[in-house]
Amino acid sequence: MALDSKIPSGPISDKWTNYKDHINLVNPANKRNLDIIIVGTGLAGGSAAATLAELGYNVKAFCFQDSPRRAHSIAAQGGINAAKNYQGDGDSTFRLFYDTVKGGDYRAREANVHRLAEVSSNIIDQCVAQGVPLAREYGGLLDNRSFGGTLVSRTFYAKGQTGQQLLLGAYSAMNRQIGRGKIKMYNRHEMLDLVIVNGKARGIIARNLVTGEIERHSAHAVVIASGGYGNVFFLSTNAMGSNATAAWKIHKKGAFFANPCYTQIHPTCIPVSGDHQSKLTLMSESLRNDGRIWVPAKLEDAKAIREGKKKPTDLSEAERDYYLERRYPAFGNLVPRDIASRAAKERCDAGFGVNKTGEAVYLDFAAAIQRYGVDQARIKHLDEKDTALVIKLGTEVVANKYGNLFQMYEKIVDENPYSTPMMIYPAVHYTMGGTWVDYNLQTTIPGCFSIGESNFSDHGANRLGASALMQGLADGYFVLPYTIGDYLSPDIKMGAISTDLPEFAAAEKAVKDQIERFMNNKGTHSVDYFHKKLGKIMWDKVGMARNAKGLNEAIVEIAALREEFYNEVKVPGDANGLNQELEKATRVADFLELGELFAKDALHRNESCGGHFREEYQTEEGEAQRDDENFAYVAAWEYTGKPSEAVLHKEPLVFDNVKLVQRSYK
Amino acid sequence: MAQCQLAFDFRFYDFQTKNMKLTLKIWRQKNAAAEGKIVEYPIDHIEPDMSFLEMLDILNDELIMKGDEPVAFDHDCREGICGMCSLYINGEAHGPDRGVTTCQLHMRMFKDGDTIFIEPFRAKAFPVIKDLVVDRSSFDRIQHAGGFISVNTSGNTIDANTIPVNKKDADDAFDAAACIGCGACVATCKNSSAMLFVAAKVSQYALLPQGRIEATDRVLNMVSQMDAEGFGNCTNTGACEVECPKGISLENIARMNREYMSASLKG
Amino acid sequence: MAKSALLKSSIAKKVAMALSGLFLMLFLAQHFFINMTSVFNSDTFNSISHFMGNNPLVQYVIQPILVLGVIFHFTMGIVLEFKNNSARPISYAKNNGAANSSWASRNMIISGAVVLAFILLHFYDFWIPEMVYKYVDVNPLNETRYFSELVHKFESPVRTAIYCVSFLLLSLHLWHGFNSSFQSVGFNNKYSRSLHKLGYTFAIVVPFGFIFIALFHHFNH
């Protein structure tokens, strides 16, 4: 099957407008005869559900949480990009488009990214109209800040809780439609399979997580908005419940899975503290504006610190290695996420890690406190030689900028980051890969759409900060509502789809069989045991730096672990009621397959790009070495029964508007 | 360490840790219809650096290995923002620490030998689903009644900067909007009142010009739904403000009282 | 919105509770000033008491409002208490209310009940005899009886003790009630901090003033 990305013809800046002008529309009287299922209620799913219901479709929305408001979009801190150019600093739709393609290391589809940049301004208008309290200046207009990888200030924000506020905006729009009866909300429900009738997606099988009932739901189209698959690593900044099941089930039913190896490892997370660790907490990237990253220059000092015999503050400047400043003098501590993460791993692997696990580096604010303190002393005409005073003044400035983050750090680590350097380490954060979609956001299954983080998205091989929120809302508010109408227009006379069709029965049986198998398994280990083991394989061999040997091993090990899982997993309780272990089991079963495809994709991509770093493909200085001649394509995998035997389909990436260059941050 | 034999030893650390021995008294209830009771569980090898929920993870792993059913509890983001986790710990919503949710509570707040009561959030409007999991959909229904601004999605809404908003109002609206809907206010209130939650939403919109247009209907409808859900009345004890993990202020309740009375006179 | 719905709403009840409370506090304040005069000058006390006891406006307008206010405040208080209790059918095995709120705020029903008991005693002891004296037996006017009657009341150590305990609990009731009533009517702004101090002062000065008056007459006569 040849991939058709259905990119409209014409100049890039006109594609979306032309597309909208020529698609088929559904008249309002007919929309009420059409049902749409949406799985997931984060920024993408929530905004899509609200907008489609406003248009008049009957929406059935599903989330596994107890309320749509809890989807993990809520945890996004930094902000949302939009090419408003409110600051008059030269921003434009083209610049946002260009920055995003470049930031993605030239592995994204130009037409999609341009459309994203075009609708970015509408997102801000829409959210403000909904009452999202974005940050404002004293004049009453919206404020912006700058973010990594760009030269303009285009990021809109709401303190450190931008994702929360945008999600609550989408949730409020959903509430309005739930109140009107246009959205039927299914909380605490998990989609466990897709139902295809005559080659088209026509429904889902879902488990009511409270009663345990397996339910059939039909619709004229199914939209997957279930987020990313970062939890394949067990430890990540994702929520505990974040899972790939919906995306993986549609993959197994025919939707191609694209670029699974593109995963973003965020450099500034709180390090693992022990075996008990259940998840990782992100510290905003903005900390790198003022913090200096270092490890001890001498191995014996690192060892002494790990053993608690020395403190970081005991080390003189000469005994410290500010490795980012040393390796990247031009960008220093502000290199992009992928580069900062790999550099930290390199130092820790070499034995310079500073916490008890050996997997942490310092993020030090002493210099910033000193610098701000002296500034303040001068402004206030106080004695800048008074060390205690300077530290006090400087601490106040730092507390104003990052107070909430410092407090969060102190709650978790129990150390005061004002007086002793913070410890940080990279952690899995976002997955750029996902289900392959065409320009219409439709997967390779007709009638099955994928939006937000769950699709392979507009971010290429690396996502820039503040772009995930933009993409989720763009897909849900402004793109899908057009494209799905075009798809649904021939179905207006079809009427409701019966859930008594044999396809529903077959899908339901498969789901019930899997659940029964888990419940009857007399295993010896809990689900978490296997999930942690998978995570360790993924982190060690498919993590920040990968090589062919490790990837080959990982593929074999994951397959073996999967077999062990099915034989040895123990799921207590019963299936007819709330059973959180059963929920985990069905999710981990899918991660155990996805992980294998992930490794296979990483193995096949013989280049380094963005979040994908292959040790064999690096420059002499240890930087990522892209291979545009052979790998400027989207790798879309077709399921054939076993993840390791997935068939590769290539969608060539054509760059008409952006010139491909090597990224350099020296 | 006991749990190391059970759980996969993730990174094989070889450092010494301080261990705590605790007695947990946990509410167990099979389902909504069943009777529940407090069950005692001794637990050992708990480290101060663990989060409270990680401590429960360890207990659950032990229970699974023993063939018992693990304790069901709600949780998701584990970074204090989704509002999914709950728990009434030693007589306080989200436990003894301030400004945190249960997932951010760490075991260093307790000491070796402590007995810890762990109960579900209790209110008629929050029925128990199982063990420590409660149904907070009453909060959703209050929002359905008016927790929104009626604006359709289009590419042609007015430019975001058309209506300036006084910075203080914008900041106050943000502070109210920081509510995570966890229900600690209800759980901690002696009257099981949801006033802080509802007031936060009413205030957010009441403070913004775009929300003023529907302010009258919004407050009347949301309060009416709140009453219909069976929450108690506010008697201004202020406990909700103290226990709120996001520091939502009582000022919001006063604002809602004003909004409600003026809306009643108008409406 | 229909008027009936307004009357049923939780916020309307709360505001009504606050307004009746504020009214009762006004009454309490004037009662306090009148009683205080008894410490300084029996003649002043007698003449004000005579005015209050015989002025038609006070007797036929303000007095019924006061009685209704008292009845409304405690009836509503009891109704709300039952409703609020029913909002949590299963209580906590362990609850640490002291961690987040004051005893006074959590136990308004207890302090209120004691105050109510005192008011009933006061009715039995003072108000009903007064009514009988004036309107049933129709005794002749006596402008100087009030002070001696007051002094007579505080001769008994038991009655004085009951009186003192009641006012201690009134103090607790006011400690929360004063500020709570302002919050309920929507008053929470930059002046609230000062108002809180005023509220706490009121909650101490007035009840302890009454106690002082009782003890003063008990020990001085």
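# Close-up views of a predicted three-chain model

View 1. Residues are numbered from 1 along each chain as its sequence is written, while chains are lettered from A and ligands numbered from 1 in the order in which they are written. How many residues of domain 1 of chain B are in contact with domain 2 of chain B? There are 12 of them, and they meet 10 residues of domain 2 of chain B; two residues are in contact if their C-beta atoms, placed from the backbone, lie within 7 Å. The domain 1 side of this meeting has 5 nonpolar, 6 polar and 1 charged residues. In this scheme Ala, Val, Leu, Ile, Met, Phe, Trp, Tyr, Cys and Pro count as nonpolar, Asp, Glu, Lys and Arg as charged, and the others, Gly among them, as polar.

**View 2. Here chain B meets chain A.** Contacts link 72 residues of chain B with 71 residues of chain A. Elements giving two or more residues to the chain B side include α2 (52–66), α3 (137–144) and α4 (167–177) of chain B. Helices (H or I, at least four residues) and strands (E, at least two) are DSSP runs, numbered from the N terminus. Which element gives the largest share of the chain B side? That is α2(B), with 6 residues. Sorted by class, the side of chain B that touches chain A holds 34 nonpolar, 20 polar and 18 charged residues. Of the 2 pairs of chains that touch, chains A and B have the most contacts.

**View 3. Two domains of chain A come into view.** The assignment for chain A gives domain 1 (266–428) and domain 2 (514–652). Their C-alpha centres lie 33 Å apart. Contacts join 5 residues of domain 1 of chain A to 5 residues of domain 2 of chain A. Helix α10 (residues 337–352) of chain A gives the most to the domain 1 side, with 4 residues. By class, that side has 1 nonpolar, 1 polar and 3 charged residues.

**View 4. A sheet of 3 strands sits in chain A.** This open sheet runs in the order β6-β7-β8 (chain A), with antiparallel pairing; two strands pair if DSSP finds at least two bridges between them. Its edge strands are β6 (189–197) and β8 (214–218) of chain A, each pairing on one side only. On average, neighbouring strands of the sheet are turned by 25 degrees against each other, direction ignored. These angles are taken between axes, which are lines fitted to C-alpha atoms, for helices over the stretch in contact; angles run from 0 to 180 degrees between N-to-C directions. β6(A) pairs with strand β7 (residues 200–208) of chain A over 8 bridges. What is the bridge partner of A:H189 in β7(A)? Look for A:N208.

**View 5. Nonpolar cores are the subject here.** The largest nonpolar core has 305 residues, and those with the most contacts inside it are A:I36, A:I38, A:V223, A:V361 and B:V198. A nonpolar core is a set of buried Ala, Val, Leu, Ile, Met, Phe, Trp, Tyr and Cys residues joined through C-beta atoms within 7 Å. A residue is buried if 20 or more other C-beta atoms lie within 10 Å of its own, exposed if 12 or fewer, and partly exposed in between, with C-beta atoms placed from the backbone. Leaving aside neighbours within four places in sequence, the contacts of A:V361 include A:I293, A:W294, A:A344 and A:Y425. Another core, of 16 residues, lies apart from the largest one, with C:Y163, C:F167, C:F178 and C:F210 among them.

View 6. Chain C has 9 helices and 0 strands. Along its principal axes, the C-alpha trace of chain C spans about 55 × 40 × 35 Å. Of the 221 residues in chain C, 27% are buried. Contacts connect 37 residues of chain C with 40 residues of chain B. The largest share of the chain C side, 5 residues, comes from α2(C). By class, the side of chain C that touches chain B has 15 nonpolar, 16 polar and 6 charged residues. Chain A and chain C do not touch, and their nearest C-alpha atoms are 18 Å apart.

Terms used:
This is a predicted model: local features need pLDDT of at least 70, side-chain atom pairs count only at pLDDT 80 or more; totals for chains, interfaces and linings use all residues. Domain bounds come from an automatic or database domain assignment.
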